[in-house]
Amino acid sequence: ESALYVLATPIGNVCDLTLRALHVLSIVNAVACEDTRNTSHLLTRYGISQTLIAAHEHNEREAADKIIARLQQGERIALVSDAGTPAVSDPGARIVEAVRAAGLTVVPLPGASAAVTALSASGLVNDQFHFVGFLPNKSKQRETALLKLAQDPSTLVFYEAPHRIVETVDALLQAFGPQRQIVLARELTKLFESIHRCALADAPAWLAADANRQRGEFVILVEGATAGEDAVADADAERILQILLAELP
Ligand code: SAM
């Protein structure tokens with residue numbers, strides 16, 4: 001039966017592809033992917049030969065039209081991103097939206113996601129988390145975004161590119177103060193996986209102590225605001241309000 005299969009792929013370890021995903025990848029008529037080279041590498045690893053459709057952030061609308069036309073012919077199409085779950089800090093959401101709007105079937109295939117993988121091994125005890133994903137590049141916008149999160153009691157989940165980890169950890173320390181726990185989950189499921197937890201105050205020195213600790217892909221988790229922070233939070237409230245008001249059009 002015709003459907004768009006939104007299919008999670010590994011975030012490092014190629015064995016983290018589910019059996020169901022393998023099966024679906026071998027029976028679909030085509031695979032829509034963020035990067036054809038990357039996806040053909042994964043498929044080759046499993047001896048699967050497939051028609052690939054480029055569906056990246058710059059052509060999502062055209063790709064959606066192409067995929068809808070094929071689904072309307074009764075085809076099955078898989079949608080993958082380079083790593084992990086499509087549409088989570090990755091392209092795919094627009095395609096899913098268009099396919100659903102066209103009244104066609106969307107079937108999710110769960111699998112790896114860096115955020116949930118990091119949370120599961122963090123030891124941070126909190127039933128709530130707030131997935132923030134990538135912070136803005138510009139320091140002013142990043143500061144504003146962090147201030148909005150300062151009183152959030154949920155565990156905060158950030159994605160970060162390798163070259164900005166030191167800068168971002170400094171910004172987190174500035175925004176949230178020294179006491180909260182931070183977890184730096186690096187290269188998850190890969191050869192140099194490391195999951196380091198410490199007080200935010202100690203994180204810059206830990207990163208600086210070894211250049212290898214700054215390399216690779218990171219999920220950053222920060223403990224949510226606790227009741228003890230309320231006094232500080234109240235004192236900061238006026239300052240935060242002024243900064244946020246300055247951002248209003
Ligand atoms: N869709 C993906 C998912 O479901 O997790 C996320 C894609 S996003 C473009 C890439 C970011 O995810 C990286 O910059 C990093 O923050 C995080 N990430 C992906 N793979 C990772 C890994 N193996 N270890 C740590 N972080 C990872």
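**Sheet and helices in a predicted model**

Modeller: In this predicted model, five strands make up an open sheet with parallel pairing, in the order β3-β2-β4-β1-β5.

Biologist: What makes β3 and β5 stand at the edges?

Modeller: β3 (52-54) and β5 (106-109) each have a single partner strand, so one side of each has no neighbour in the sheet. Between neighbouring strands the turn is 25 degrees on average, direction ignored.

Biologist: How do you know that β1 and β5 are paired?

Modeller: Pairing requires at least two bridges between two strands. Four bridges join β1 (residues 3-7) to β5, so the two count as paired. They run parallel. Leucine 7, for instance, has leucine 109 in β5 as its bridge partner.

Biologist: Which strands does helix α3 touch?

Modeller: Helix α3 (residues 60-72) packs on the sheet and touches β1, β2 (30-33), β3 and β4 (76-80). The direction of α3 makes about 145 degrees with that of β3.

Biologist: Which residues make the contact between α3 and α4?

Modeller: From α3 they include Ala63, Ala64, Ile67 and Leu71, and from α4 they include Arg94, Ile95 and Val99. By class, the contact has eight nonpolar, three charged and no polar residues.

Methods: Residues are numbered from 1 along each chain as its sequence is written. This is a predicted model: local features need pLDDT of at least 70, side-chain atom pairs count only at pLDDT 80 or more; totals for chains, interfaces and linings use all residues. Axes are lines fitted to C-alpha atoms, for helices over the stretch in contact, and angles run from 0 to 180 degrees between N-to-C directions. Two residues are in contact if their C-beta atoms, placed from the backbone, lie within 7 Å. Ala, Val, Leu, Ile, Met, Phe, Trp, Tyr, Cys and Pro count as nonpolar, Asp, Glu, Lys and Arg as charged, and the others, Gly among them, as polar.
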